[in-house]
Amino acid sequence: MLKITNLHVEVAGKEILKGLDLEVKAGEIHAIMGPNGAGKSTLGYVLAGREGYEVTQGEVVFNGKNLLEMEPEERACEGVFLAFQYPVEIPGVNNTYFLRAALNAQRKYRQQSELDSVAFLRLVREKLKILHIGDELLHRAVNEGFSGGEKKRNEIFQMAVLEPMLAILDETDSGLDIDALKTVAEGVNRLRSPDRAMIVITHYQRLLDHIVPDKVHVLADGRLVATGGAELALKLEEQGYAWLEGGGIETLGNQSAGQAQMP
Amino acid sequence: MNEWSTQLAAQLPQDSGSRPDWFRALRHAGAEQFRTHGLPTRKDEAWKYTGLAVLEQHGTQLANGVEATLSSAATPLIEVRHQIDMLDGRMLDTCAELPAGVTLLSLDEALCGGINGLQELLELLPQSAQKKLSSDGFTALNTATLGNGMVIHVAAGIDGGRFLLRWSTTAGGNTGSGARLFNSRICLILEAGARLELVEQFETPHANANTSNIVIQADLGEGASLHHVRLVQEFPEASLITRTEVSQKTDSEYAYYGFDLDGGLVRHDLHCSLIGSAAKASLSGVYLLDGKRHVDNHAKVEHIGPDGFSEQYFRGVIGGSAKAVFNTAVYIHPGADGAEAKQSNANILLSKRAEIDTKPELEIYADEVIAGHGATVGQLDEQAIFYLRSRGLNKDQSKRILTTAFCRTVCDRLAYKMSDDKLADAISQRMMDVMPQADDAG
């Protein structure tokens, strides 16, 4: 579904991603972990098409199409969804109005009929039920005055309604207490499907207790330096990222994390 | 005084002679004032950013008083029981079934007597005008031609309900020739404890390059309440010059909601005098501009009695090569102790050629006063635009949603304070329809 090859990205003249390779197939969940400043959020923004991120080399192919050529809204319409680390507050714009406008923009792009407010509300109620979220978010302005937990739940709710093919969750766990984390993780699990892929960007292993990934990658200094199964995350939690520095990295890339040698 | 003003002065009507002496004296004073000073120019501080060349270019002549009938009219903004059509500044017909205690007459009829306080109210303006003669050229012209217009009187303790005033001008006066200037005067007299809602809709359904010069005078008795909603959606060649003068006694309340959505040159002087104690004035509005339009709002509140409250809340979105002027002034006079005054003006510029001149003024000569003002000019939030786009909305849709939300706060205030979602939604829908588009560069 998604193939990233040798991706180099600069932000304000500084190279952040330095030759990243990643392939994600439909139905898979990939976790990307790594220390601060490794380029994790940059990856999310580049895939979503944010301005100010200049791709200097490499390519990103999504369902056979060149993702990097598309405007942010085209990517969304093609099925890419970024759950923001810091969802933006938009005073004065009603959450339900916004989401219906977004969904209908996507449906129009895909040459599907637009949903009227009754049909849309039916869909929204159904999704809220699946996610075990109350309807209080519906009546408020987009993210305005939301707590950290409410903002992240709102991202998951949007994802549930928009039904993307590829969801990128950028540190969706940050700033959440354990109960909010569980709610969000449960929501994500309910949206797992054989047709949908997810990239879960996170700092900590604890989210991965609840969302069990198929693969875990370690992003350090602009490259994926290690790949393994879910157990790699446990190792990272135990050892921190410091052990990645030095000679261990190269060999790690080709081994499962369980066998990785510590320096 | 420039040549055009001299031409206009020569077109001033002769006194018909059939009206009361005080009224003839009033018109005479207005004419004298206009003949001496003419229309304002950019040399006048209050007109520094607003030139009148466009009126002159249209060859605007003073309307000659020919009776016209309404051929077509805009769809009413809202359905109301009491709708009054004002064509070329003249009241067309009176409403049936007025509530008990409410008197509604054309100005001409009202002059025959019977309206308590009308003479005093009309005579107020030339007096206050003497302080700033040249800036009141339009008001002087309005007084010199006094005759068209309407009077609403609401007796003590009566709720007069809502009146829709639908303004339009006759066809003709397309760009280049035949543009006319119409004068009209509205007097609102609310006795103690009376209430009234006035909704004005300036919308001529056909192209014209006319100018309307309208003065509204409101006299609010003790504890009286006036809600004033104004929607301006005229053709880009048409001009609208208005002055609203509100005189407020103790515990009275005036609330204004202005929506400048279209019209070439729009100038509004809104002036509240809080004379009694604990009077309240809440002025809010939105101006949306694109193309080469020009909107100039001058809002002024004078706190004269103690413990008054005033609030000014205006939002502007300016695109194209349009220009907005916003001047908000609060004067807290000696003796107006305990006054509270808030001023807020925020603007979004959508293009590099768009312009806003915003100037808050605050002068305090009293004690125990709470006052604050702020004016901001900015662009749309890039992060918010990206957030909306990342959900599938294109750039234009995203910007439109954000600008609408920015202005929607004024509709929300209206909906809340007037408990009328329907009116707020009707206006909000119109705002969305005419919301200026951002330049790609902007």
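Good morning. I begin with one pair of residues: Ile32(A) stands opposite Ile201(A), a residue of S10(A). The model under discussion is a predicted one.

S9(A) and S10(A) run parallel and are joined by 5 bridges.

Let me turn to S10(A) itself, which spans residues 197-201. How many of its residues are buried? The count is 5 of 5, and the strand is accordingly described as mostly covered. As a general point, side chains in a regular strand alternate between the two faces of the sheet. In S10(A), Ala197(A), Ile199(A) and Ile201(A) point one way, while Met198(A) and Val200(A) point the other way; all are buried.

Finally, the contact between the chains. Chain A contributes 19 residues and chain B contributes 16 residues. Which elements give two or more residues to the side of chain A that touches chain B? They are helix H2 (72-78), strand S7 (90-94), helix H3 (95-109) and helix H5 (148-162), each of chain A. Sorted by class, this side of chain A holds 14 nonpolar, 3 polar and 2 charged residues.

That concludes the presentation. Thank you.

Technical notes:
Residues are numbered from 1 along each chain as its sequence is written. Chains are lettered from A and ligands numbered from 1 in the order in which they are written. This is a predicted model: local features need pLDDT of at least 70, side-chain atom pairs count only at pLDDT 80 or more; totals for chains, interfaces and linings use all residues. Two residues are in contact if their C-beta atoms, placed from the backbone, lie within 7 Å. Helices (H or I, at least four residues) and strands (E, at least two) are DSSP runs, numbered from the N terminus. Ala, Val, Leu, Ile, Met, Phe, Trp, Tyr, Cys and Pro count as nonpolar, Asp, Glu, Lys and Arg as charged, and the others, Gly among them, as polar. A residue is buried if 20 or more other C-beta atoms lie within 10 Å of its own, exposed if 12 or fewer, and partly exposed in between; C-beta atoms are placed from the backbone. Two strands pair if DSSP finds at least two bridges between them.
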